[in-house]
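Got your viewer open and your selection tool ready? Load the model below and let's take a walk through it.

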Amino acid sequence: MVQSLLHFNPCLIKFNPQKSRSMKKIYLLSVLAAFSFQGVFAQAQTTVFGNLGVENVNISIVNTQYGTSTDAKGHYELPLFDRSEAVNLYYSCIGYQDTVVSLTPRQLLRDSIDISFRMRKMSYDLQEVGVLAYSDFYRSSNGTVIADIAFSDNIILVLENGKKGSTLRLLDLDGNTLASTGFEALYDELYIDAFGDLLLLGQDTCLLVCFDAAGKALPVSTFTKDLFRDKIQKVVFEFNDAYLLRNTAYEKRDYYVKEFHGQAQTYNYVLKNDSLKQRHFLYRFIDTVAVNVCQSYLNEIFAVYNSLVPEKENELALGVWNGNLLRLAVNYKVHKRIGWYCQVLATEYHTIALKFEDFIQLVDLENLEIVEFDKSFQLSDKRPLTIVSGKNHFANRFLTDEATGKTYGVFVQNGINYLGLYDPKTGTVGMGQKASKKIYPGVFKVHGGYAYSVFYDSGSNRGVMSRVKME
């Protein structure tokens, strides 16, 4: 399967509006049918309610059109239907300070959550208003949001979502539209893989596209989100005639118990000239604390299952259990334990791979440790990652500007993003320049020496993209 993956490169997303190029013949990748496991639980909802003491306060999920507002007495109710991901609720009202309340997946398992507080009146400081002022780089069409942005050379790709589907726009570096393509389906993410191919990722399906000479996106193939997650996304980047692969032991929507209960990330590499595409082990990160927690949940599930299932039908006792947790769900109590167990597994252990000219670094963002390898994939150094300032605001994220080669650490303070330049030789990064002018951007990326932020402006019902020049 790795062999077929590493040979899959039907088209590169290179678009030059000034040069007409003939398209190469496209060979489609035949994909093996994969089993998809549907959750046995009916999707429940969580209702957030409360009193804010102010009329007409807008409450919405950050950077979305979904929300509600308070009534004349300050009361509100907002049902939330997705319990699998953290939710940031945005409270805003003219004359009052904006407030963001974050809810974790564990909190969202409750049927209702009371969030009541008093909105704080805005203190109008002219100097502060001047600092927060910014100009828009690009605004989407009316009634659409900007779901994601990506970059290819000097082209900015913008994915916009409306009621009738998605639109992919190509912009120049001044924010002017060069071309656009509409799709009937909705996609929420752009992904450029290690081979330069552009994929549009939806909730369940993915679409691979190429571009013609005029910049129109042409569909190449459609495949499931599971295939993307399990196969394509594992290729991190190319380095010294090899592909670096990253595997996580657990993937969301997969209810099979795997090695280390999902709290591990393993890096391998495959030599490009190896016809067998053999994987060579490089390094593995393990969250031992989380593994112990997962094991305790699993032991509880086993205990309840063994107490309820007769010995002749007991898959664990007979040794025929195939690792599928859902097959152990014999009643509501076991269903509930499996639900909690999968929530624990879904907490991903944070690592990142960084590529430089003569070496690569694997960074453990949980324990702040750097593991460095040379061009021959030999371990050359192991040292701490040092956050010299703003450690409490470090967001466990790094962003690399592919155009400039600079890597930044991401910090978040009061909802505003800051970028600190990373020095790979010393392994140090510190909270540096303010890089977003509004709180909690829906998309935040760097390219060409600029930090790009995407928001949703509820007043104009449009998506907004702004950018800040990095010093």
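Here is a tour of a sheet, some rings and some charged pairs.

Before you start clicking, keep in mind that this is a predicted model.

Select residues 46-51, which make up strand S1. S1 belongs to an open sheet of three strands, ordered S4-S1-S7, with mixed pairing. On average, neighbouring strands here are turned by 20° against each other, direction ignored. S1 and S7 run in the parallel sense, paired over three bridges. To see a bridge, show Val48 and its partner in S7, Ile113.

**Stop two: aromatic rings.** There are 19 aromatic pairs in the structure. Pick Tyr91 and Phe117: their ring centres are 5.1 Å apart and the planes sit at 75°, so this one counts as edge-to-face. Tyr91 lies in strand S5 and Phe117 in the loop between S7 and helix H2, 26 residues apart. Is Tyr91 buried or exposed? Tyr91 is buried, with a relative accessible area of 0%.

Now jump to Tyr283 and Phe373, another edge-to-face pair, with 6.3 Å from centre to centre and 65° between the planes. This pair links strand S20 to strand S23, across 90 residues. Both Tyr283 and Phe373 are buried.

For a group view, select Phe356, Phe359, Phe394, Phe398, Phe411 and Tyr422, which form one aromatic cluster.

**Stop three: charges over rings.** Show Lys272 and Tyr243: the charged end of the lysine sits over the ring, 5.7 Å from its centre. Lys438 does likewise over the ring of Phe455, at 5.5 Å from the centre.

**Stop four: salt bridges.** The structure has ten of them. Which residue forms a salt bridge with Arg139? Asp457 does, with the closest N and O atoms 3.1 Å apart. The two are 318 residues apart, Arg139 in strand S8 and Asp457 in strand S32. Arg139 is partly exposed at 31% relative accessibility, and Asp457 is partly exposed at 24%.

Next, select Lys375 and Asp358, whose side chains meet in a salt bridge at 3.5 Å, N to O. Both ends sit in loops, 17 residues apart.

Finish with Arg383 and Asp381, where the closest N and O atoms are 2.4 Å apart. Arg383 is buried at 15% relative accessible area, while Asp381 is partly exposed at 30%.

Notes:
Residues are numbered from 1 along each chain as its sequence is written. This is a predicted model: local features need pLDDT of at least 70, side-chain atom pairs count only at pLDDT 80 or more; totals for chains, interfaces and linings use all residues. Side-chain values use heavy atoms; hydrogens and water are left out. Two strands pair if DSSP finds at least two bridges between them. Helices (H or I, at least four residues) and strands (E, at least two) are DSSP runs, numbered from the N terminus. Axes are lines fitted to C-alpha atoms, for helices over the stretch in contact, and angles run from 0 to 180 degrees between N-to-C directions. Rings of Phe, Tyr and Trp (its six-membered ring) pair if their centres lie within 6.5 Å; planes under 30 degrees apart count as stacked, over 60 as edge-to-face and the rest as tilted. Buried means under 20% relative accessible area, exposed over 50%, partly exposed in between (1.4 Å probe, protein chains only). A charge sits over a ring if NZ of Lys or CZ of Arg is within 6 Å of the ring centre and within 35 degrees of the ring normal. A salt bridge is a side-chain nitrogen of Lys or Arg within 4 Å of a carboxyl oxygen of Asp or Glu.
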